[in-house]
Amino acid sequence: MKKSDFSPETQMLGYAYNPELSEGAVKCPVFQTSTFVFKNAEEGKAFFEMAHGKPGHEGETIGLIYSRINNPDMEILEERLKLWDRGEAAAAFSSGMSAIATTFMTFLSPGDVLLYSNPLYGGTHKFVHHILTHFGIEVIGFNAEHDQKQIEEMLEETGHAKKLKMIFMETPANPTNDIIDIEMCSRIAAKYAKDDRKIYVAVDNTYMGPLWQHPLKHGADIVLYSATKYIGGHSDVIAGAAVGSKVVIGKIKKTRTFFGTIIDPNTSWLLMRSLETLKIRMETAALNAEKIAAYLIKHSKVEKVYYLGFIEKNNPEQSAIFKKQYLSNGAMLSFDVMGGEKEAFTFLNSLKHIKLAVSLGGTESLAEHPSTMTHSDVPVEEKEALHISDKMIRLSVGIENYNDLIWDIEQALEKIVIPKREKAM
Ligand SMILES: Cc1ncc(COP(=O)(O)O)c(C=O)c1O
């Protein structure tokens, strides 16, 4: 077996790092520097020509210039980030939003059409509806219930189907765990593409981390992450990532240089550290989520549990997509308590261990109220249609002992007094 055949979890411990370049240090040091010294002026000129994609440097490797363009920690991190998704290249960002925004701004121009899946993370939703539309980009939402024909009809109805430039989806969706068929989206992209007009398929894979869904295998061009979540995994950094082919990521990196949305050296170093434990953290969290979901589904004060392990029950028509696209039920779940905002807030305010905070994918479990927190900016009608109601709680399951988590959930559910109306149901 060659070292390059090792599994990603093995590669995370040393891939792309040469100790000889750092005094033999076992771990890559933090290169906390804004700029790098060139050997001579000719070298500086050549590096800049390569950075700007000028011809004449084919097969040469660009050297270090300036930390808004490149930095050793960032480069090694990017080499490792591409491994789980089997991408050719990766780009690291200062946040998940900067990864998403930089990707949109790389490929979309005024007059273009973006197809996007609903629900989206609140920040992405805001960007799509307030920033992309401000730049003259037409945006059309679809959801998990729409099939290929219906999505194409919505696109055709705009009269601008020829201007389709990107299909962006969040699957599983935050916070409902709705899933979208990536292969179906790449079929739509292929159908409307022209020789001189590629249509990019981008997937926000934050909910599944790099472990449990590999969108490139299903025809996506770009995989996006809020690395703040599972990749960082300790609720102590804000970061983002994009993975794809060398050509696609190369284009995104050019925009990143001028937007300045790059990751910093210290955060890159922290993420390299986090990546070493990604698999064991995510597997423990998934096991805990399974136990919690099994507990919640039987509880008399819980109306519905939005968990991928219950897809057969919740959305039988989606189970074929689940089987081909996912390697786990994940560690994110939402549930509706009996009642509404008052009862949901009673639950959240009664938790003793699980923290009341937004974000997800960290070692500690977090609970929040999507309707008034992460998704508060989503218009009410849209929230209603997508089942993001006042009674919904979102739980990011961490790596604690699941018995302790269930104890905490149980005692918080006990505090809820069910309104009479719901009791009669
Ligand atoms: C699914 C999803 N995508 C993107 C983001 C944005 O990431 P960040 O907060 O790192 O900018 C989030 C943040 O919660 C998210 O949940």
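How are α6 and α7 oriented to each other? I shall answer that question in a moment. Please keep in mind that the structure above is a predicted model.

I begin with the two helices. Two packed helices are described by the angle between their axes and by the distance between those axes. Here, helix α6, residues 148-157, packs with helix α7, residues 182-192, at an angle of about 40°, and their axes are 10 Å apart. The two helices, α6 and α7, are therefore oblique to each other. The crossing in which α6 passes α7 is right-handed. On the α6 side, the contact is made by Q148, I151 and E152, which meet M184, R187 and I188 of α7. By class, the residues of this contact are three nonpolar, one polar and two charged.

I turn now to the sheets. Strands of a sheet pair through backbone hydrogen bonds, and they may run parallel or antiparallel. Strand β2, residues 113-118, and strand β4, residues 164-170, run parallel and are joined by four bridges. In this pairing, L115 stands opposite I167 in β4.

There is also an open sheet of five strands, again with mixed pairing, and its order is β8-β9-β12-β11-β10. Its edge strands are β8 (302-306) and β10 (355-356), each of which pairs on one side only. Strand β11, residues 366-368, and strand β12, residues 392-396, run antiparallel and are joined by three bridges. A367 has L395 in β12 as its bridge partner. Helix α13, residues 341-350, packs on this sheet and touches β9 (332-337), β10, β11 and β12. The direction of α13 makes about 30° with that of β12.

Finally, I come to the ligand. Which residues are closest to the ligand? They are S95, G96, M97, S226 and T228, out of 16 residues that surround the ligand. By class, the shell around the ligand has ten polar, four nonpolar and two charged residues.

Thank you for your attention.

Definitions and conventions
Residues numbered from 1 in each chain as written. Predicted model: local features only at pLDDT ≥ 70, side-chain atom pairs only at ≥ 80, totals over all residues. Axes fitted to C-alpha atoms, helices over the stretch in contact; angles between N-to-C directions. Parallel < 35°, antiparallel > 145°, perpendicular 65-115°, else oblique. Left-handed = near helix turned anticlockwise from the far one by under 90°. Contact = placed C-beta atoms within 7 Å. Nonpolar A, V, L, I, M, F, W, Y, C, P; charged D, E, K, R; others polar. Pairing = 2+ DSSP bridges. Near = placed C-beta within 6 Å.
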